[in-house]
2 protein chains.
Amino acid sequence: MKITIFEIAKKAGVSIATISRAMNPHTRGMVAPDTLKRINNLLTKYTYTPNLAARNLRQASTRTIGVVVPFYRDIFYNSYYMHILSGVSNTLEGSGYQFKLLALDQGQLWDHYDFRSGEQVDGLIVSLWFRFFSGKEVLEKIKVPTVVIDDFEKDVKAMFIGGDHVSGGRMAAEHLYTRGHRRVAVITGPDWSRDCRQRVDGFRSYWAAQGLSLDQDQVIAADFLHHKAKASFDQIIKKDPEVTAIFCCTDIMAGGVLERCQELNMACPRDISVVGYDDDMKIISRFPYLSSVHVPVYEMAQKAASGILEHLKSKRNKKFFNGTEFLPVRLVERQSVKTTG
Amino acid sequence: MKITIFEIAKKAGVSIATISRAMNPHTRGMVAPDTLKRINNLLTKYTYTPNLAARNLRQASTRTIGVVVPFYRDIFYNSYYMHILSGVSNTLEGSGYQFKLLALDQGQLWDHYDFRSGEQVDGLIVSLWFRFFSGKEVLEKIKVPTVVIDDFEKDVKAMFIGGDHVSGGRMAAEHLYTRGHRRVAVITGPDWSRDCRQRVDGFRSYWAAQGLSLDQDQVIAADFLHHKAKASFDQIIKKDPEVTAIFCCTDIMAGGVLERCQELNMACPRDISVVGYDDDMKIISRFPYLSSVHVPVYEMAQKAASGILEHLKSKRNKKFFNGTEFLPVRLVERQSVKTTG
DNA sequence: ACTTTAAATGTAAACCTTTACATTCATCCA
DNA sequence: TGGATGAATGTAAAGGTTTACATTTAAAGT
């Protein structure tokens, strides 16, 4: 039988209202100093815990922020989500808010989250979701303040946070250009990936600014897949054996290229230079020399969490933030690019 | 203004009790088929979500299982916890239970969890905790069914799950012995690590069974640290340049050894054979050839979650499970051990 | 001394469900 | 026909907080 506020009140010789006031920071000032001390002693003595369900019910708030990620078996092994969780968790630490991970199958967001079992949260951080979903349709149904990471949608009440991938692509291009590379190829992701399109666009714009062209046949789509990247590499050197550098739009694909290099007894950067994207620790730990464009996922998650927090603490009296924010990326130079020609 | 059960009841022309019965699987049978259909239509039409706080309050249950892990900034980057989260998450999927991650500073377990903010859960999975804590003291205060992973305590009402590390150590020894290795060294963790003691014990017992001895100066403690393992390797080959194999009690430390090998222009397994422990993907991805003893952390977490689930569903009418369970480990053979002699 | 003001505490409603118990109504059996 | 049975639904209490509003008490101002 769990001890309730009534027992404490009885023992302290006061009413439950006073106990409640003594427990909550914003009302603590109302209670007389010695009463407060007496109550605090009892609270620790009986290790009393206010019933969260009752509190939540009364306050119509769960003090919980949901983090929605697409569900797949190995979700927790993906470093992208590690950064997200880590950033959210650290930002929420000490704020009085918890986070709850909602790893949902595609199609379940609405059914599962809001209807079927009715998990409830005060705010939502959604990441990499629209690949599976009409973002607009889903977001319009969500009633709590929402931050979307790495996806975008127009005319919807939510905050959007992403990386500045156009600049990222440009950085990769600049890095290769200033080291003398002129014959290059790009391995990109699937067509639907906005991020990859931006990366390639950035690369191309820099290239164009130098008076060079990046033709369509120098850009190969490898669907984010390791093995397709390996095949793409074969394709690239077959078409142009003189190619000196490859820009890969994700480190996963860069990893495929590097592995294939080893198989072909080629060395990076001796025989071919490579720039990756994401600064993915899983790949970097295997190829510690890979230069890559770092995406501040951790900071994005921090920003998402603090944005929601701020909004919730502002008593909801202003309408929820709109707009999008692009955080700067940066190139981490290691040793996979050789200075040439 | 969120829609409540009253609105639905009004629209359906029935009482709230009937709505509630229609919503809950175990009472659904009581309501007449056409009433049920009418109600269901309204539920979907208004995307009604029962208020979880009210439900939890009434049922005195949160349908949430807490996963307690020691907090540190990079908690989410540790593959050990990835396996835990993944195993728990997958087991709970579809059970109606959620999990909540409680990453707590050492010292906070009781203060934070049960007193200060009063998170509440129906059950608890605690992992790698006793390093910081008197397990007994903490467990006695916890009132919900608890499973402890990778730690043990006598005479406490909880279930304990771990890996069979004595066998693991034995496997490592057998692997080296049957490939001809006789001059070996062991790099172990700090003294307080029960797991490491067991691993060494297992190794030693196999070695003894072959009539060989493993003296104290062949076993070096490197505190789980990469750089200490590197130093230990120097120490080992200085003392006995003829050593042919090293058993490292964690892959982290094996990683240190392998890195030091590279620095010294030695090759594994050409010049030295290494067996690791944990099958830690972070290390394996960097040294894909490392043979290592795999610990079924994922399965341990599954077992923990399903144990609690089972107990909770059994209506709490039997006392909570006691006892400990050791899951079998297995050696994953790769290419870091050479056949010799 | 009497009124005002402020500080401290108390009272009771509200938050939204679930469920034990009560009620209604139709059916069936003697 | 009358009473028992069972199915479907309703009524109302309970669960543990927070908080608007009411009350008490003491201090201050006139």
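This is a predicted model: local features need pLDDT of at least 70, side-chain atom pairs count only at pLDDT 80 or more; totals for chains, interfaces and linings use all residues.
**Overall form of chain A**

I began with the secondary structure. Chain A holds 13 helices and 12 strands. I then looked up its radius of gyration, which is 26 Å. The globule rule gives 20 Å for 341 residues, so chain A is more spread out than a compact globule. Along the principal axes, I find its C-alpha atoms in a box of roughly 90 × 40 × 35 Å. Of the 341 residues in chain A, 43% are buried. I also checked contacts between residues at least 6 apart in sequence: 71% of them join residues at least 24 apart.

**Helices H1 and H2 of chain A**

I next took the pair H1 (residues 5–12) and H2 (residues 16–23) of chain A. Their axes are 8 Å apart and cross at an angle of about 105 degrees. Angles of 65 to 115 degrees count as roughly perpendicular, and H1(A) and H2(A) are therefore described that way. I listed the residues that make this contact. H1(A) supplies Ile5(A), Phe6(A), Ile8(A), Ala9(A) and Ala12(A), while H2(A) supplies Ile16(A), Ile19(A) and Ser20(A). By class I get seven nonpolar residues, one polar and no charged.

**Helix H8 of chain A**

I checked the length of H8 (residues 165–178) of chain A. At 1.5 Å a residue, its 14 residues should span 20 Å. The end C-alpha atoms are 20 Å apart, which agrees. How many residues of H8(A) are buried? I find 11 of the 14, so to speak a mostly covered helix. Among the buried ones I noted His165(A), Arg170(A), Met171(A), His175(A) and Leu176(A). After H8(A) comes Gly180(A), with a positive phi near 95 degrees.

**Contact between the chains**

I turned to the contact of chain A with chain B. Each side is listed: 32 residues from chain A and 32 residues from chain B. On the chain A side, the elements giving two or more residues are helices H4 (52–59), H5 (79–92), H6 (108–116) and H12 (281–286), and strand E2 (98–104). By class, that side has 12 nonpolar, 14 polar and six charged residues.

**Val148 of chain B**

I picked Val148(B), which sits in strand E4 (residues 146–149) of chain B. Is Val148(B) buried or exposed? The cut-off for buried is 20 or more other C-beta atoms within 10 Å. Val148(B) has 26 C-beta neighbours inside 10 Å, so I count it as buried. Leaving out residues up to four places away in sequence, Val148(B) touches Val126(B), Ala158(B) and Phe160(B). I also looked at Val68(B), 80 residues away along the chain from Val148(B); their C-alpha atoms are separated by 9.5 Å.

**Cis peptide bonds**

From Cys268(A) to Pro269(A) the peptide bond is cis, with omega near 10 degrees. Between Cys268(B) and Pro269(B) it is cis too, with omega about 5 degrees. Pro269(A) lies in the loop between helix H11 (251–263) and strand E9 (273–278) of chain A. Pro269(B) lies in the loop between H11 (251–263) and E9 (273–278) of chain B.

**Positive phi outside glycine**

I noted two residues of chain A here. Thr47(A) has a positive phi of about 40 degrees. Thr47(A) lies in the loop between helix H3 (33–45) and H4. With 12 other C-beta atoms within 10 Å, Thr47(A) is exposed. Phe224(A) has a positive phi of about 65 degrees. Its loop runs between strand E7 (219–221) and helix H10 (226–239) of chain A. I count 17 other C-beta atoms within 10 Å of Phe224(A), so it is partly exposed.

Definitions and conventions. Residues are numbered from 1 along each chain as its sequence is written. Chains are lettered from A and ligands numbered from 1 in the order in which they are written. Axes are lines fitted to C-alpha atoms, for helices over the stretch in contact, and angles run from 0 to 180 degrees between N-to-C directions. Helices (H or I, at least four residues) and strands (E, at least two) are DSSP runs, numbered from the N terminus. Angles under 35 degrees count as roughly parallel, over 145 as roughly antiparallel, 65 to 115 as roughly perpendicular and the rest as oblique. Two residues are in contact if their C-beta atoms, placed from the backbone, lie within 7 Å. Ala, Val, Leu, Ile, Met, Phe, Trp, Tyr, Cys and Pro count as nonpolar, Asp, Glu, Lys and Arg as charged, and the others, Gly among them, as polar. The radius of gyration is taken over C-alpha atoms; the globule rule is 2.2 Å times the number of residues to the power 0.38. The expected span of a helix is 1.5 Å times one less than its number of residues.
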